[in-house]
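Subject: Handing over the structure we talked about

Dear colleague,

Here is the structure I promised to pass on to you, and below it I have written out what was found, taking the parts one after another. Please keep the structure open beside this message while you read.

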Amino acid sequence: MRHEAPPGSVSSSGKRVHGKASLVRTRRVKVDPENPAEEVIKDAAHVIGSGGLVAFPTETVYGLGADALNPDAVMRVFRVKGRPPDNPLIVHVADPDSVYLLASEVPRVADLLIERFWPGPLTLVLKRTEMVPPVTSAGLDTVAVRMPAHAVPLALIRTAGTPIAAPSANRSGSPSPTTADHVMRDLEGEIELVLDGGPTEIGVESTVLDVTVEPPEVLRPGGLPVEEIERVIGSVRVPDWARGLERYASRPRAPGMKYRHYAPKARLVLVEGRPQDVRYRVQELVNEFTSKGIRVGVLTTDGKRYENATTVDLGPSWDLRAVARSLFSSIRALDESGVDVVVAEGVEERGMGLAIMNRLRKASGGEIVYV
Ligand code: TXA
Ligand code: MG
């Protein structure tokens with residue numbers, strides 16, 4: 001449902017409209033994440049079928065879904081996110097066999113990975129077929145495909161009867177949403193429906209693996225640790241830019257990786273090194289900032305305390321899954337608390353740590369202190 005509202009006026013939902021030509025009334029509907037009610041899914045499938053946009057939970061983060069085969073609907077996804085048109089979307093499917101409709105070549109390693117890890121937080125980049133509209137793939141000859149391990153998108157894809165293109169449901173550049181609240185804050189008034197299935201389990205996005213090259217290459221570390229992939233297909237390449245180290249960047253091949261991402265509104269400074277050195281340096285940085293009247297927030301682990309800073313504990317450093325789960329909501333929380341600078345401790349780059357460090361390095365925009 002669209003209606004025109006003059007700039008600066010107040011819409012029926014009471015939200016102020018700043019110079020926007022049109023507004024959508026965004027409905028927020030609760031959904032059982034394990035056993036979604038049929039009428040809720042039918043409602044959402046109807047929105048997708050009419051070219052509308054539905055945000056939904058997955059096991060990683062909330063996605064902003066549109067019919068992947070409807071170019072107009074996909075174009076709207078780019079518009080409402082403010083996403084650069086050269087950054088392709090992931091196409092979500094509800095059964096492994098759908099990959100053969102979307103991909104023209106499925107190498108043996110892809111079959112092995114699908115067998116082992118789908119449904120789950122692994123996205124595969126494959127040569128695409130004509131079925132995939134160019135806008136969905138941002139004009140590339142490849143397509144990224146993933147089968148999510150979450151009852152809501154699986155039911156939605158099946159009921160809508162179409163694959164669903166879904167980037168993370170945040171405004172381009174801000175941290176990915178892990179709750180329906182985050183989605184509403186970024187996209188209320190822009191999309192038709194938000195399915196609220198509670199906080200997401202993994203908290204960072206899927207691992208994106210390009211299997212069109214030999215050996216396969218990690219384009220974005222994510223919810224499926226690289227070590228687990230290597231246990232099934234042997235060594236894969238993890239380029240430095242995929243670790244978030246832009247300093248050594250050749251041209252990123254996941255177009256999305258070249259943009260500053262996951263960024264809080266506040267400046268973020270990342271401190272990397274041995275834990276005891278990091279702790280010392282973080283407190284030093286906090287003191288330097290506060291002495292200039294700058295308000296500081298700290299992202300820490302293991303419940304460490306810092307003086308003169310709003311400190312958020314991400315979880316125990318031995319449980320990097322817990323750290324990943326709370327990462328994006330903690331960055332958003334610090335932003336809302338009104339700090340000017342966030343100082344973040346680095347974590348070990350193993351397991352989920354690779355994805356966490358990629359997100360923190362990108363959020364820092366390269367402002368990294370090595371101790
Ligand atoms: O966990 C996830 O992957 C979430 C949920 C909603 O499924 N989705 C997500 O989508 O994170 P998005 O659009 O925020 O990130 C997709 C990433 C981007 O870095 C994009 O550049 C890359 O995948 N990508 C998509 N298609 C690609 C392609 N054909 N070749 C290379 N990279 C691609
Ligand atoms: Mg994203």
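Before we come to the sheet, one term is needed: two strands are said to pair if DSSP finds at least two bridges between them. Please also bear in mind throughout that this is a predicted model.

With that term in hand, you can follow an open sheet of 10 strands, in which the pairing is mixed and the order is β3-β10-β4-β5-β9-β6-β8-β7-β11-β12. The edges of this sheet are held by β3 (27–30) and β12, and because each of them has a single partner strand, one side of each is left without a neighbour in the sheet. A helix also packs on the sheet, namely α2 (residues 71–81), which touches β5 (63–67) and β9, and whose direction makes about 150° with that of β5. Within the sheet, strand β6 (residues 90–92) and strand β9 (residues 164–165) run antiparallel and are joined by 2 bridges, and if you look for a pair of residues there, you will find that Val91 has Ala165 in β9 as its bridge partner.

The parallel sense can be seen at strand β13. This strand (residues 267–272) has 5 of its 6 residues buried, so it is largely enclosed by the rest of the structure. With strand β16 (residues 341–345), β13 pairs in the parallel sense over 5 bridges, and Leu270 is found opposite Ala344 of β16. Strand β17 (residues 368–370) also runs parallel to β13, to which it is joined by 3 bridges, and here Glu272 has Tyr370 in β17 as its bridge partner.

Turning to the helices, how do α1 and α5 lie relative to each other? The axes of helix α1 (residues 38–49) and helix α5 (residues 151–160) come within 9 Å and cross at roughly 60°, and α1 and α5 are therefore oblique to each other. Their crossing is right-handed. On the α1 side the contact is made by Ile41, Lys42, Ala44, Ala45 and Ile48, which meet Val152, Ala155, Leu156, Thr159 and Ala160 in α5.

Helix α10 (residues 353–363) deserves a separate look, since 11 of its 11 residues are buried. The buried residues of α10 include Leu354, Ile356 and Met357, and also Asn358, Arg359, Arg361 and Lys362. Just after α10 you will come to Gly365, which takes a positive phi of about 60°.

Is Glu214 buried or exposed? This residue is found in the loop between β11 (207–210) and β12 (217–220), and with a relative accessibility of 70% it counts as exposed, because the cut-off for that word is over 50%. Glu214 and Val236 are 22 residues apart in sequence, while their C-alpha atoms are 8.4 Å apart in space.

Finally, for the chain as a whole, there are 10 helices and 17 strands, and buried residues make up 57% of its 371 residues. Among contacts between residues at least 6 apart in sequence, 67% join residues at least 24 apart.

With kind regards

How values were computed:
Residues are numbered from 1 along each chain as its sequence is written. Chains are lettered from A and ligands numbered from 1 in the order in which they are written. This is a predicted model: local features need pLDDT of at least 70, side-chain atom pairs count only at pLDDT 80 or more; totals for chains, interfaces and linings use all residues. Side-chain values use heavy atoms; hydrogens and water are left out. Buried means under 20% relative accessible area, exposed over 50%, partly exposed in between (1.4 Å probe, protein chains only). Helices (H or I, at least four residues) and strands (E, at least two) are DSSP runs, numbered from the N terminus. Axes are lines fitted to C-alpha atoms, for helices over the stretch in contact, and angles run from 0 to 180 degrees between N-to-C directions. Angles under 35 degrees count as roughly parallel, over 145 as roughly antiparallel, 65 to 115 as roughly perpendicular and the rest as oblique. A crossing is left-handed if the near helix is turned anticlockwise from the far one by less than a right angle, and right-handed if clockwise. Contact means heavy atoms within 4.5 Å.
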